[in-house]
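Please walk through the structure shown below, one region at a time.

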Amino acid sequence: LLARRGAQHQFDEVEPGDEGRTYRQAKFHQRVIMAASGSTMHFMLAIGLIYLVLVGIGRQQLDDWRVGEVSAASAAQAVGLQPGDRLLQIDGESVRSWEDMAGVVQPRRGETVQIVFERNGIEDQVSATIGTNPNDETKGQLGVAPDFPYSRVNPVAAVPEAGQEFG
């Protein structure tokens, strides 16, 4: 009944015997329900899709970044950094996030710094001379791009997280 009412246009001609079942003859609360049902379904689909992404693909771990790429002819390549390495410290400062790393490297253009990193569970350290950012010659650049790993969310924990992600 609701589907038929929702599929009719307000000005469609109907058989006289069906006039009482049309949208325009429905009570106000029935019209509100019909009007809100489409939007409600869209919200439910969105939350369901977010849930599927959290369980199937996962959530990016922004605080657990690793080296994703090493640029050619960069300071990182010169000292042997490799994709998968996890930078821990630069010049004695912790670099837990990508933003931390950029904040430490950019003001040190041309300086030689100590880099502590982890590769395959083993910590190592190298000295590197920070290069120049080709887009802004006043800033330093190490020559790495980040890789943010994905972590799948437990199906039970994904229920409230899907709602939180939806907002």
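Which residues does glutamine 89 touch, not counting residues up to four places away in sequence? They are Ser94, Val95, Gln114, Ile115 and Val116, where contact means heavy atoms within 4.5 Å. This is a predicted model, in which local features need pLDDT of at least 70 and side-chain atom pairs count only at pLDDT 80 or more, while totals for chains, interfaces and linings use all residues. Residues are numbered from 1 along each chain as its sequence is written, and side-chain values use heavy atoms, with hydrogens and water left out.

Glutamine 89 is located in strand S3. Helices (H or I, at least four residues) and strands (E, at least two) are DSSP runs, numbered from the N terminus. With a relative accessible area of 33%, glutamine 89 is partly exposed; buried means under 20%, exposed over 50%, and partly exposed in between (1.4 Å probe, protein chains only). The bridge partner of glutamine 89 in S4 is serine 94, and in S5 glutamine 89 stands opposite valine 116. Serine 39 is 50 residues from glutamine 89 in sequence, and the two are 49 Å apart in space, C-alpha to C-alpha.

These pairings belong to an open sheet of 4 strands, with the order S4-S3-S5-S6 and antiparallel pairing. Its edge strands are S4 and S6 (122-129), each of which pairs on one side only. Two strands count as paired if DSSP finds at least two bridges between them. S3 is joined to S4 by 2 bridges and to S5 by 4 bridges. Between S5 and S6 there are 8 bridges, and one of the pairs there is glutamine 114 with serine 127 in S6.

Now consider the loops. S5 and S6 form a hairpin with 2 residues between them, and asparagine 120 is in the loop that links them. Asparagine 120 has a positive phi, near 55°, and at 75% relative accessibility it counts as exposed. Aspartate 91, in the loop between S3 and S4, also has a positive phi of about 55° although it is not a glycine. Aspartate 91 is partly exposed, with a relative accessible area of 36%. As background, most residues other than glycine have a negative phi.

Helix H4 (residues 98-105) has Met101, Val104 and Val105 as its buried residues. They cover an arc of only 90° around the axis, which puts them on the same side of H4; the arc is that of the directions from the helix axis to the C-beta atoms. H4 lies across S3 and S4, running at about 40° to S3. Axes here are lines fitted to C-alpha atoms, for helices over the stretch in contact, and angles run from 0 to 180 degrees between N-to-C directions. The cover over the buried residues of H4 includes S3 (86-90), S4 (93-94), S8 (136-141) and S9 (144-147).

Leaving aside its neighbours within four places in sequence, leucine 87 is in contact with residues including Trp65, Met101, Ile115 and Leu142. Leu142 is also touched by serine 74, which is found in the loop between strand S2 (66-70) and H3. At 13% relative accessibility, serine 74 counts as buried.

Finally, the confidence of the model. The chain averages a pLDDT of 87, and 93% of the residues score at least 70; pLDDT is the predictor's confidence in each residue, from 0 to 100. Among the elements of the chain, S5 (residues 112-119) has the highest mean pLDDT (95) and helix H1 (residues 2-7) the lowest (48). Over residues 1-5 pLDDT stays under 50, and the model has 11 contacts beyond four places in sequence for them. Where pLDDT is low, the predicted coordinates should not be read in detail.
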